[in-house]
Amino acid sequence: MRKYIHISIWEENDKKSFINIPVLPESLPTSVAGKAETIDIVGAGERVVFGGEKLDRFKMETFFPAHYDSSYVVESEGDYKTPSQNLQKLRAWIDLEAPLRLYSKEGGLNRSVVITNLDYDVERAGSLGDIFYTLDIMNYKPPHYRRVALKKTSGSGGIKTTAKKPTAPKASKLPATYTVKKGDYLGKVALAFYGKANYIKVYNANKKAIDAANKKAKARDKYTIHPGQKLTIPK
């Protein structure tokens, strides 16, 4: 009996937001960098110095098949998601400022990671509907900060403060209306309002308008949104 290796990725802060990799990559190349670095000193030439620890990097290259085929798809048919659903999730994770979990019980893989880059092709010749993608993945280690005591100074100088990063509207302010801007996609919009890539919730609330716009534009991806569209953001 054939034994499969399963690979999953999920948000560490929300295990319900996950992807089961349907088609395993042929390999998972790993890059391990040493602490040695080369610097160029003016008048002296190149010198080697030893810096801090470097993080391991992985590259995952595979594809999301348009049609379920048990001969190479490792997850069960009932759990299978469409290529566009998985792609929306990956694109949202690129903007997610939080770690993910890369896990494979059979493969002995259990790491906290971030996705640093996503490249993909939609419908290569002879593979209609398939989405081929390459993920650049890096080990994640939380930063450590030291407390620094600041003394007040006399005069008009004082201590400068940086502007606070905008936060998503509170749930009490939802539902809301959002106008789509260039470069937006459903996962990105959901992330801004909910703090997680719950794009299906936004799609379902605007299904009629999104489907009509995509039919008119002949969009291949049913979750495509267009600049100028007004979306209702539900609670």
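The predicted model contains 4 helices and 11 strands. Of its 235 residues, 34% count as buried. Among contacts between residues at least 6 apart in sequence, 61% join residues that are at least 24 apart.

Strands of a sheet pair through backbone hydrogen bonds, in either the parallel or the antiparallel sense. In this model, 7 strands form an open sheet, arranged in the order S2-S1-S7-S8-S9-S6-S3, and the pairing is antiparallel. The edges of this sheet are strand S2 (14-20) and strand S3 (30-31), each of which pairs on one side only. Strand S1, comprising residues 8-11, is joined to S2 in the antiparallel sense over 4 bridges. Within this pairing, Ile-9 stands opposite Ile-19 of S2.

Helix H1 spans residues 83-95 and has 13 residues. The distance from its first C-alpha to its last is 19 Å, close to the 18 Å expected at 1.5 Å a residue. H1 lies across S1, S2, strand S6 (57-64), strand S7 (100-104), S8 and strand S9 (131-139). Relative to S8, the helix runs at about 115°. H1 is mostly covered, with 10 of its 13 residues buried. The buried set consists of Pro-83, Ser-84, Gln-85, Asn-86, Leu-87, Gln-88, Lys-89, Leu-90, Ala-92 and Trp-93. In an α-helix there are 3.6 residues a turn, so residues three or four places apart point the same way.

Asn-86, one of the buried residues of H1, also takes part in the lining of the largest cavity. Rolling a probe the size of a water molecule over the atoms shows where empty space is left. The structure holds 1 cavity of 30 Å³ or more, and about 40 Å³ of space lies in the largest cavity. Its lining is made up of Phe-18, Ile-19, Asn-20, Glu-75, Asp-79, Lys-81 and Asn-86. Strand S2 supplies the largest share of this lining, with 3 residues. Ile-19, listed in the lining, is also the residue of S2 that faces Ile-9.

Asp-121 belongs to strand S8, which covers residues 109-122. This residue counts as partly exposed because its relative accessibility is 36%, a value between the limits of 20% and 50%. Asp-121 and Ile-131 are separated by 10 residues in sequence and by 5.8 Å in space, C-alpha to C-alpha. When residues up to four places away in sequence are not counted, Asp-121 touches Asp-130, Ile-131 and Phe-132.

A further antiparallel pairing links strand S10 (residues 176-179) with strand S11 (residues 230-233) over 4 bridges. Thr-179 has Lys-230 as its bridge partner in S11. In a regular strand the side chains alternate between the two faces of the sheet. In S10, the covered face carries Ala-176 and Tyr-178, whereas Thr-177 and Thr-179 lie on the uncovered one.

Asn-206 is placed in the loop between helix H3 (199-205) and helix H4 (207-217). With a relative accessible area of 7%, Asn-206 is buried, because the cut-off for that class is under 20%. Its contacts, not counting residues up to four places away in sequence, are with Lys-230, Leu-231 and Thr-232. Lys-230, touched by Asn-206, is also the bridge partner of Thr-179.

Conventions:
Residues numbered from 1 in each chain as written. Predicted model: local features only at pLDDT ≥ 70, side-chain atom pairs only at ≥ 80, totals over all residues. Heavy atoms only, no water. Helix = DSSP H or I, 4+ residues; strand = E, 2+ residues; numbered from the N terminus. Expected span 1.5 Å × (residues − 1). Buried < 20%, exposed > 50% of the residue type's maximum accessible area, 1.4 Å probe, protein only. Contact = heavy atoms within 4.5 Å. Pairing = 2+ DSSP bridges. Axes fitted to C-alpha atoms, helices over the stretch in contact; angles between N-to-C directions. 1 Å grid on protein atoms, 1.4 Å probe; cavity = no way out; pocket = protein on both sides within 12 Å on 5 of 7 lines; lining within 4 Å. Points joined across faces, edges and corners; volume = space filled by probe spheres on them.
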